[in-house]
Amino acid sequence: MNIEMIGIDHKLAALELREKLSFNTSKIKELLPRLQQTYGLAGIVVISTCNRTEFYLSYKDGQTHIDYCKMLNKISQTELFSSADSFHHRKNMEVVQYLFELASGIHSMIFGDDQIVSQIKTALKIANEVQSSDSVLNTLFRHAITCGKAVKSQVVIRAVSTSVATHCVDILQEFIKQQNGAKALVIGNGEIGQVVCRELINHGCQVMMTMRKYKHADVKIPKDCIVVDYYERAKYFEQVDIIISATASPHHTITYEMIDNLANKPKYMLDLAVPRDIELSIHSIAGIKCYDIDSIGQKALRDNSQELGQIANIVQEQLQKFREWLIFHKCARELVEVKALALNKITQNIDDNWDDAQKIEKAVYKTVEFIFYSMKEQKSKELLTGIKSFALSKGY
């Protein structure tokens with residue numbers, strides 16, 4: 001296994017930098033084959049969310065590693081990546097453990113964020129659609145998804161919202177209680193937008209959600225949610241107390257001019273997008289409480305030491321299963337060659353005049369003899385080491 005991860009997240013990079021290295025699905029589909037071809041990679045998968053952008057790279061045997069600073073600067077069209085300190089870099093089993101922990105929600109801005117599992121699943125799906133992943137990354141990501149699901153089903157995370165979407169509603173709870181019949185406009189109908197709508201409605205809020213006309217057939221509209229045309233969104237700004245924007249748009253969905261001239265301005269504006277949907281200058285308008293993805297996350301910090309211990313055990317279980325897969329994957333070619341050698345050796349020692357019982361007995365005897373004696377002289381020590389490691393891991 002020769003894999004690496006490079007990337008940035010909310011712990012290392014401010015929102016302004018994360019915006020430079022944030023991609024929607026269509027951009028990732030264009031980017032993956034280009035990077036794979038440019039750098040001759042065996043495989044590549046990209047996770048791009050509001051809190052992180054990470055490149056998982058699988059190298060071919062003997063391949064020279066690439067200049068990560070140059071790659072990141074070229075992709076982001078900046079000169080902000082000047083040294084190894086400006087991004088995260090992990091190798092081999094460090095990558096495996098980190099991805100399993102990531103899927104478990106412990107590296108999310110909001111501890112236990114269960115959206116990350118679906119984001120990892122989507123990243124793998126996109127990579128497979130453009131055929132940029134390989135067997136190592138496919139297996140790694142599948143194990144990570146299994147790990148995340150196990151944590152979600154086995155670990156109870158108390159007093160912590162499980163996603164940015166639900167936590168932003170926590171911020172609004174008191175206002176919604178005091179403001180009987182509070183009205184909200186949610187811009188964006190993706191997974192996060194739909195979760196926000198459902199949570200707001202469950203808390204007694206009247207909710208409108210924007211929709212582009214051509215997307216009606218693709219979106220599951222939450223019950224009791226009023227759908228409005230995305231391109232007419234500005235018409236509703238004066239009618240609502242809360243605006244939440246969560247789109248994958250590369251441009252602002254709400255500009256300063258749209259809000260500054262309103263006679264009745266919204267009381268709250270929450271931006272769940274990266275790059276940001278709400279123009280930054282809106283934060284200076286008096287009477288509006290504005291939040292972005294970073295300020296929302298800071299309000300969700302908790303002591304989760306007890307849950308961390310439970311999660312660590314689940315991560316270790318999945319790590320062991322992945323190590324076992326690696327042993328067989330590493331020895332796959334040798335196993336095929338050994339099989340061919342063994343078949344040739346054994347068939348030479350079987351008499352066609354024997355009955356079936358005699359043939360089976362002789363074949364079994366010769367197979368065992370060949371594996372444990374002849375193979376030492378005819379095949380690599382690497383396979384024996386792999387078999388020994390697997391046996392020890394099973395307690396044999």
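**Glutamine 63**

I started at glutamine 63, which sits in the loop between strand 3 (52-58) and helix 3 (68-76); helices (H or I, at least four residues) and strands (E, at least two) are DSSP runs, numbered from the N terminus. This is a predicted model, so I kept to its limits: local features need pLDDT of at least 70, side-chain atom pairs count only at pLDDT 80 or more, and totals for chains, interfaces and linings use all residues. Residues are numbered from 1 along each chain as its sequence is written, and side-chain values use heavy atoms, with hydrogens and water left out.

Is glutamine 63 buried or exposed? I get 17% relative accessibility for glutamine 63, which counts as buried; the cut-offs are under 20% relative accessible area for buried, over 50% for exposed, and partly exposed in between (1.4 Å probe, protein chains only).

Next I looked up what the side chain of glutamine 63 reaches. It comes to 3.1 Å from the backbone oxygen of glycine 40.

With neighbours within four places in sequence left aside, glutamine 63 is in contact (heavy atoms within 4.5 Å) with Tyr39, Gly40, Leu41 and Ala42.

**Whole chain**

I noted 14 helices and 10 strands in the protein. Of its 396 residues, 49% count as buried. Among contacts with a separation of 6 or more, 67% are between residues 24 or more positions apart. The protein exposes about 20300 Å², and carbon and sulfur atoms supply 50% of that; accessible areas come from the Shrake-Rupley method with a 1.4 Å probe, and for residues only the protein chains shown count as cover.

**Cores**

I searched for nonpolar cores, meaning sets of buried Ala, Val, Leu, Ile, Met, Phe, Trp, Tyr and Cys residues joined through side-chain atoms within 4.5 Å. The largest has 61 residues, and those with the most contacts inside it are Phe55, Tyr56, Leu99, Phe100, Ile120, Leu140 and Phe141. Which helix gives the largest share of this core? Helix 6 (residues 135-154) does, with 9 residues.

I then picked isoleucine 120. Beyond its neighbours within four places in sequence, isoleucine 120 is in contact with Ile47, Leu99, Leu102, Ala103, Phe141 and Ile145. A second, separate core has 35 residues, including Ala184, Val195, Ile201 and Ala246.

**Salt bridges**

My search of the whole structure finds 11 salt bridges, each a side-chain nitrogen of Lys or Arg within 4 Å of a carboxyl oxygen of Asp or Glu.

I checked lysine 29 with glutamate 129: the closest N and O atoms are 3.0 Å apart. Lysine 29 lies in helix 2 (residues 25-39) and glutamate 129 in helix 5 (residues 115-129), so the pair ties together parts that are 100 residues apart in sequence. Lysine 29 is partly exposed at 34% relative accessible area, and glutamate 129 is partly exposed at 40%.

Glutamate 30 pairs with arginine 34, with the closest N and O atoms 2.9 Å apart. Both lie in helix 2, 4 residues apart, about one turn of the helix. Glutamate 30 is partly exposed at 37% relative accessibility, and arginine 34 is partly exposed at 35%.

Arginine 276 forms a salt bridge with aspartate 292, where the closest N and O atoms are 3.9 Å apart. Arginine 276 is in the loop between strand 9 (268-271) and strand 10 (289-291), and aspartate 292 is in the loop between strand 10 and helix 10 (293-298), 16 residues apart. Arginine 276 and aspartate 292 are buried. I also found Glu16, Glu19, Arg276 and Asp292 linked in a network of salt bridges.

Proline 275 has its place in the loop between strand 9 and strand 10.

Glutamine 131 has phi near 60°, a positive value in a residue other than glycine. Glutamine 131 lies in the loop between helix 5 and helix 6 and counts as exposed at 68% relative accessibility.

Aspartate 224, not a glycine, has a positive phi of about 70°. I placed aspartate 224 in the loop between strand 6 (206-211) and strand 7 (226-229), and at 58% relative accessibility aspartate 224 counts as exposed.

How values were computed:
Polar contact = N/O pair within 3.5 Å; in protein donor to acceptor, adjacent residues only side chain to side chain.
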